[in-house]
Amino acid sequence: KRLRPRQCLPVIPQGIERSRFFFAIDELSNQLGNENVEVNDKPLDDGWYMEPPNTHDGMAITDGEDLVASAVVYPGCTDDVQKIVHWANKYLIPLHPISMGRNFGYGGAAPRVRGAVVIDLGKRMNKILDINPDDSTCLVEPGVSYYALYEEVQRRGYKHLWIDVPDLGGGSVLGNALDHGVGYTPYGDHWAMHSGLEVVTPTGEVVRTGMGALPGNNTWQVFPYGFGPFIDGIFSQSNYGIVTKMGFGLMPNPGGHESFLYTFEKEEDLEQLVEIVRPLRISMILENAANIRHALQVLALSGKPRSEFYEGEGAFPREKMNQYLKDHPYGACTWLYFGTCYGPKETRQLKLDIIHREFMKVPGARRIDPEVLPPSDYFWSRDKIASGEPDLEELAWVNWWPNGGHVAFSPVAPTRGADALRLWQMAKKHWIASGLDFFLDFVVGLRELHLIVECVYDRDDPKQRSKALEVMRFLIDEAAEKGYGEYRTHLLLSDQVAGTYSWNDNALMKFNEKLKDCLDPNGILAPGRSGIWPARYRGRGWEL
Ligand code: FAD
């Protein structure tokens with residue numbers, strides 16, 4: 001727990017008088033109940049993963065007061081959300097919706113506009129509205145975590161259903177999907193697996209998308225498109241609406257699973273490995289998101305701080321990494337492939353044999369026998385996640401530094417060896433130059449790979465924090481020069497990333513801005529989210 005003292009309490013959104021702001025807050029309290037409106041006038045508590053702050057980013061990369069909320073409100077239903085939106089339009093107060101606020105590495109719960117009012121949807125709107133065991137679907141509110149959904153499926157005894165989970169199970173099923181988050185069963189592309197939204201627009205109307213627009217339908221969660229334009233996409237990674245319900249397809253239990261681990265010796269092996277992975281992944285021999293990790297993270301996944309391995313300055317030395325890995329059951333290596341095959345034993349074995357034959361073509365490749373790994377080994381956490389069981393083990397690497405924080409650089413490339421190598425070489429250059437440590441993971445969704453570079457820093461070290469932000473900026477620019485863009489980013493880097501998607505004189509951003517001004521004429525909803533600024537803010541010095 002870290003409590004940060006504050007000077008100016010609370011932060012008021014720009015453009016509104018202090019007294020008028022408090023008058024407005026009183027009005028909202030009268031509508032929602034005093035207990036559901038909280039002014040942010042206490043020291044900032046960074047909490048930890050299971051108790052994340054909803055007023056700011058618990059892993060703040062800039063100075064304390066930069067990105068904090070003036071107040072937090074807790075709607076209990078869609079009608080309350082509409083009331084909040086009408087109120088914000090009346091007083092021109094910016095709003096920032098979160099589901100659970102665990103978006104660590106991308107800004108946590110922090111609003112992009114200082115002093116915005118955070119709508120914490122998750123606290124009271126946390127119902128699992130439906131789990132349909134025949135269609136294998138569910139309908140959830142924003143506060144339903146992966147743990148909650150998993151436990152409910154178990155409680156109801158639906159042994160034929162699995163859910164898909166990301167590395168950490170405490171996030172919101174709905175919030176994660178809205179930010180294009182990923183998990184590690186064959187249903188890992190969360191946005192792709194959704195069907196149907198209920199959305200409160202920035203002017204306070206309620207819209208149901210897809211089949212949800214048809215009164216009396218029973219197809220909302222089984223057919224995402226409905227009739228007419230498929231508008232769901234404009235509500236993801238955007239500021240065009242507040243999502244209050246979302247449906248998903250659930251994976252049928254495949255009748256067994258088996259995880260495997262291979263290690264690869266040399267940095268250059270990445271190129272050959274990715275060439276091998278592509279056809280296997282596209283043809284679904286490799287059934288879940290491929291996970292090719294750099295071995296340094298193995299040391300951090302032990303949960304021990306960096307200082308137990310190395311006390312020197314600069315990027316962690318390669319020789320030291322090998323020295324420790326030598327005694328680890330994985331052995332000295334550069335890359336680790338964590339994967340899982342699904343289905344009954346005979347089906348799995350066919351796929352495992354092909355994978356083994358192909359992976360062993362890389363000279364020096366080794367299969368690590370899971371039988372030799374103790375139950376506490378990280379491998380078993382991956383095995384749980386790949387079979388839809390929520391876990392928290394992945395948090396271990398955040399402790400690499402005392403008061404560890406992290407920020408992510410997440411470019412996308414085709415699953416080609418040459419592209420993977422180019423991204424690796426670029427990341428490595430900045431890794432060494434910055435002197436910070438990077439944890440790298442190439443995650444192959446299907447045809448594309450996401451490289452996730454987590455840059456870890458000590459939150460109490462301002463030099464490390466500003467270095468981390470600087471190196472992210474270098475990486476974004478250099479990646480864009482080479483033709484790569486990010487699939488997701490930290491809220492402080494949104495303008496820069498959005499700026500790299502500039503084809504045809506920024507035609508995409510112009511279109512986004514047109515939509516924004518039409519849907520949100522007063523510019524109250526999450527100004528600046530994904531680099532989209534409403535007219536009231538645009539070109540007035542908010543862009544970073
Ligand atoms: P929120 O923070 O609530 O939502 C995310 C964003 O979406 C919000 O900031 C907001 O802008 C928007 N939003 C949320 N709800 C609404 C709404 N109802 N209406 C409109 N907009 C909304 N992420 C992955 O995807 N996969 C991983 O494997 C993964 N591994 C991680 C490992 C570690 C160690 C850490 C620390 C983080 C990891 N993350 C991963 C990132 C993150 O923790 C998860 O994505 C998490 O699920 C996001 O937080 P949340 O679910 O609480 O969403």
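Helices (H or I, at least four residues) and strands (E, at least two) are DSSP runs, numbered from the N terminus. This is a predicted model, in which local features need pLDDT of at least 70, side-chain atom pairs count only at pLDDT 80 or more, and totals for chains, interfaces and linings use all residues. Residue numbers start from 1 along each chain as its sequence is written.

**View 1**

**View 2. Tyr146 in helix α3 (residues 146–155).** Here you can see why Tyr146 counts as buried: it has 24 C-beta neighbours inside 10 Å. (Buried means 20 or more other C-beta atoms within 10 Å of a residue's own, exposed 12 or fewer, and partly exposed in between, with C-beta atoms placed from the backbone.) Beyond neighbours within four places in sequence, Tyr146 is in contact (C-beta atoms, placed from the backbone, within 7 Å) with Ile163, Val165, Gly169, Gly171, Val173 and Pro390.

**View 3. The buried face of helix α9 (residues 378–386).** Look for Tyr378, Arg382, Asp383, Ile385 and Ala386, the buried residues of α9. Seen down the helix axis, they fall within an arc of 165° (taken from the directions from the axis to the C-beta atoms), so they line one face of α9. Their cover includes β14 (257–264) and β16 (335–342). Just after α9, Gly388 has a positive phi of about 75°.

Notes: Contact = placed C-beta atoms within 7 Å.
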